[in-house]
Amino acid sequence: MGMILKCSKPLLVSILSAPFSRLNCVINLQNRQFCLSVRTHRNSEIKSSRIRCCSVSSQQKSELWLYNTMSREKEKFKPRVPGKVGIYVCGVTAYDLSHIGHARVYVTFDVLFRYLRHLEYEVCYVRNFTDVDDKIIARANELGEEPLSLSRRYCEEFHTDMEFLHCLPPSVEPRVSDHMPQIIDMINKILENGCAYRIDGDVYFSVDKFPAYGKLSGRKLEDNRAGERVAVDSRKKNSADFALWKAAKQGEPFWESPWGPGRPGWHIECSAMSAAYLGYSFDIHGGGMDLVFPHHENEIAQSCSACKHSNVSYWMHNGFVTVDSEKMSKSLGNFFTIRQVIDLYHSLALRFFLLGTDYRSPVNFSNVRLEHASDRAFYIYQTLHDCEAFISQDDATIEKGSIPPHIQTINNKLHQDFVESMSDDINTPDALAALSDPLKTINDLLHTSKGKKQDSRVVALTALEKIIRNVLTVLGLMPSSYLEVYRFHQ
């Protein structure tokens, strides 16, 4: 091979949503240029490249607090550049269909992305694809397929799953195979700074050269026993040292480098791609809790060794999806793919299920809990469908006038509760709970004798439906139509 093989970006398949149009714009963040790929719905979900909800003004913004894995406490969010936010989230290794654990990661950070845009930040959200990896090569050999062809196919499948889950596309979606020059350049810097060494075409990072190693995970070097999360190799100076570059092996894809043909190690790719699009210092780095060690710990060591000014302000990690209190994973064989679940439940029921638990807590997957989430989601959409149908019965009869005071009070409370919940480390369970009273009020106005006699009934219903719809939009729970979900549940 001896060359960089380009992976073309697949066309995204719209499954449940209305058609998308693509808007490309360029933003400047920390004096770097970023291609911001923004999609806008032709329906009511997103009217512009910025999500707006509840008429939030700059004066109404609540301080956002986020839990930082590095400090192990909630911290007030303050972006490095006022009004702009850079986020990097580690993407999937593309060799198989994604499971519910993956869904939780990307739904979690999709909500963060949406909420920051709702707060009128200009967000550059980078989410990578690992398309060069041992697992990809092993799977490709099993199937008799070229590794990059296999990964390209599963990148397309991943995009389809994200469409199902109503996850917005990131601003930038880099792939390892397209960024070999940046990876090689970063490895060179680490070598020049004396923090890595070469052995027979391989390049290893020397953890002994980075005294702060372990500061994110809290682990000590003596905890890193060879054979657990570090490769056994007697040539290494320290058993915890990890590969930055791997010499080419027979039958594997490779790229030319100053150290001979080979391919990058797993950890270096994210350091190089985050630096390429966000700079060495940026606001938020996220991923699943399983990435705290070794992946994110190694990213910190690499990035700081390449540039002493490297810094991530906030490290965010979501909890595991468990099955019988054991982490769901492909290696354990106890996983359910996203496709398997949405064959039985509406995709928004799955998203509702995932958002019903605080993102940092483990969520135990079970049919009973998913069924409960599905019923609750259906209640919301059925209520809003009934409300919409009533309002649209006869446009000519729509009342004019101001929103009744008690309805305005309910709306104001929903707005306040929503902002307070989301500002408290993206507390989606409480944000969803805040919908209960407004939904009950809609049902009372539609179905009870007392409600049917209320003055300005249509005006009240219109106001309630609007604010609930806007909250659902920020949470990524707004369907293409209420009727579509209603019919699915029948």
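## Residues with positive phi

R72 is partly exposed, with a relative accessible area of 41%, where partly exposed lies between buried, under 20%, and exposed, over 50% (1.4 Å probe, protein chains only). This residue sits in the loop between β3 (65–68) and β4 (73–76), and its phi is positive, about 60°, although R72 is not a glycine. Most residues other than glycine have a negative phi.

I426 also has a positive phi, of about 55°, and its place is in the loop between α10 (405–423) and α11 (428–433); I426, however, is buried, with a relative accessible area of 5%.

## Basis of the model

This is a predicted model, in which local features need pLDDT of at least 70 and side-chain atom pairs count only at pLDDT 80 or more, while totals for chains, interfaces and linings use all residues. Residues are numbered from 1 along each chain as its sequence is written, and side-chain values use heavy atoms, with hydrogens and water left out.

## The sheet and its helices

Helices (H or I, at least four residues) and strands (E, at least two) are DSSP runs, numbered from the N terminus, and two strands pair if DSSP finds at least two bridges between them. Strand β11 (residues 281–288) pairs with β12 over seven bridges, and Y314 in β12 is the bridge partner of I284.

Within helix α6 lies P294, which a cis peptide bond, with omega about 5°, joins to F293.
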